[in-house]
Amino acid sequence: MRKWRHREVNLPEVTQQDAVCPAPIPGPGLSAAGLQKIWGAIHCQVCPGAPAWPGSPWHEEMGLLLLVPLLLLPGSYGLPFYNGFYYSNSANDQNLGNGHGKDLLNGVKLVVETPEETLFTYQGASVILPCRYRYEPALVSPRRVRIKWWKLSENGAPEKDVLVAIGLRHRSFGDYQGRVHLRQDKEHDVSLEIQDLRLEDYGRYGCEVIDGLEDESGLVELELRGVVFPYQSPNGRYQFNFHEGQQVCAEQGAVVASFEQLFRAWEEGLDWCNAGWLQDATVQYPIMLPRQPCGGPGLAPGVRSYGPRHRRLHHYDVFCFATALKGRVYYLEHPEKLTLTEAREACQEDDATIAKVGQLFAAWKFHGLDRCDAGWLADGSVRYPVVHPHPNCGPPEPGVRSFGFPDPQSRLYGVYCYRQH
């Protein structure tokens, strides 16, 4: 650990002659007389003949110019630097712990512990991201530390500050305001609780513990339980650029899937022969059964990749990711078949809303919704979920079947509604 030492240098009294053309200036640790010598030196080199003393007009004009070189002098003490918190190099910060200040951590190691396994949860829930710290060897007296939580950059998105804390004081940032706080129930426990989880909350989080000039950090990976589904435009395949893909996923209660999420879905059996956008702006598709239109029968099963594509110029389908629900999706028992408009109204009369595609997939995946009845959804498509395949309900595999986007005026279908708990 770096030690800071404050040193005063006694300088001879400054005379008027010194001010006009001063002697060489000593090194760090300037006294008031030494500062006057600096004024004199600047005066001699920059503006001979002008008054060099503080309080003169020349002094006021040159004040800003002198600020920068003074800040750069190695003996300038008490200047802050930023690392999530402001620190001071002065000797005034020696009231921590048992009074030994920063010298206390000489030979003592700060250790931060976070879980190695990924944490899984669902949208709308609350989750605790564990983080603890300790000292090796252990310290007898408690120390005041600074805590910083942030969300790491992924797929081109910038890092996000989540929360910073010193003692009982804390501050949260951005979309996390009002949803996060530290769990400080036990000594050295600085775990973060996130409430009302959102789709965009999944990812990797950093926990940093700062003790004076010493800091250590750990990572926690948060994954939402969800389901990946391909989404295609009503106008046919390959209609979305990347930004349009983001928009349609959001409209269906989902986000664009990451590669990790698509790969996990492929491991669970997802087989889809149309290429779609992923969160990192690559275009890929999962194949379980190699066949001619999907790369050829000679290729092994896997996730095929077209690599990165231009976000605005290139057009594909999109893979969306929806998480488990807090509410309930159900098929509305109605005496008659409905048009799309009538379907929306019927759900409203039942104190619900017409379900989105992502909500139907999540209900099929996590709630076991199993119906052989085709129903309208919010995007104008008609689909039905099958958990246990049986005769007259389509292919022999489980899944969400699609009738595409029929005429909105047709009265051939029921409706799936969503009611939030």
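In the predicted model, the charged end of Lys-148 sits over the ring of Trp-150 at 5.8 Å from the ring centre, and the charged end of Arg-237 sits over the ring of Tyr-238, 4.0 Å from its centre. A charge is taken to sit over a ring if NZ of Lys or CZ of Arg is within 6 Å of the ring centre and within 35 degrees of the ring normal. The model is a prediction in which local features need pLDDT of at least 70 and side-chain atom pairs count only at pLDDT 80 or more, whereas totals for chains, interfaces and linings use all residues. Residues are numbered from 1 along each chain as its sequence is written, and side-chain values use heavy atoms, with hydrogens and water left out.

Tyr-238 also belongs to a cluster in which ring pairs link Tyr-238, Phe-242, Trp-277, Tyr-285, Tyr-306 and Tyr-316. In total, the structure holds 17 aromatic pairs. Rings of Phe, Tyr and Trp (its six-membered ring) pair if their centres lie within 6.5 Å; planes under 30 degrees apart count as stacked, over 60 as edge-to-face and the rest as tilted. One of these pairs, Phe-263 with Trp-266, is tilted, with 5.3 Å from centre to centre and 45 degrees between the planes. Both residues lie in helix α5 (residues 259-267), three residues apart, about one turn of the helix. Helices (H or I, at least four residues) and strands (E, at least two) are DSSP runs, numbered from the N terminus. Phe-263 counts as partly exposed at 31% relative accessibility, while Trp-266, at 16%, counts as buried. Buried denotes under 20% relative accessible area, exposed over 50%, and partly exposed in between (1.4 Å probe, protein chains only).

The rings of Phe-403 and Tyr-413 have their centres 5.9 Å apart and their planes at 70 degrees, so this pair is edge-to-face. Phe-403 and Tyr-413 both lie in the loop between β22 and β23 (414-419), so the pair ties together parts that are ten residues apart in sequence. Phe-403 is partly exposed, with a relative accessible area of 46%, and Tyr-413 is buried, with 11%.

Strand β21 (residues 382-386) is largely enclosed by the rest of the structure, because five of its five residues are buried. Strand β20 (residues 375-376) runs antiparallel to β21 and is joined to it by two bridges; two strands pair if DSSP finds at least two bridges between them. Trp-376 stands opposite Val-382 in β21. The hairpin of β20 and β21 has five residues between the strands, and Gly-380 in this hairpin takes a positive phi near 90 degrees. β21 also pairs with strand β22 (residues 399-402), in the antiparallel sense over four bridges, with Val-400 in β22 as the bridge partner of Pro-385.

Six strands form an open sheet of mixed pairing in the order β2-β11-β10-β5-β6-β7. β2 (119-121) and β7 (169-172) stand at the edges with a single partner strand each, so one side of each is left without a neighbour in the sheet. Within this sheet, strand β5 (residues 146-151) and strand β10 (residues 203-211) run antiparallel and are joined by six bridges, and Ile-147 stands opposite Val-209 in β10.

Overall, the protein contains seven helices and 23 strands, and 45% of its 421 residues count as buried.
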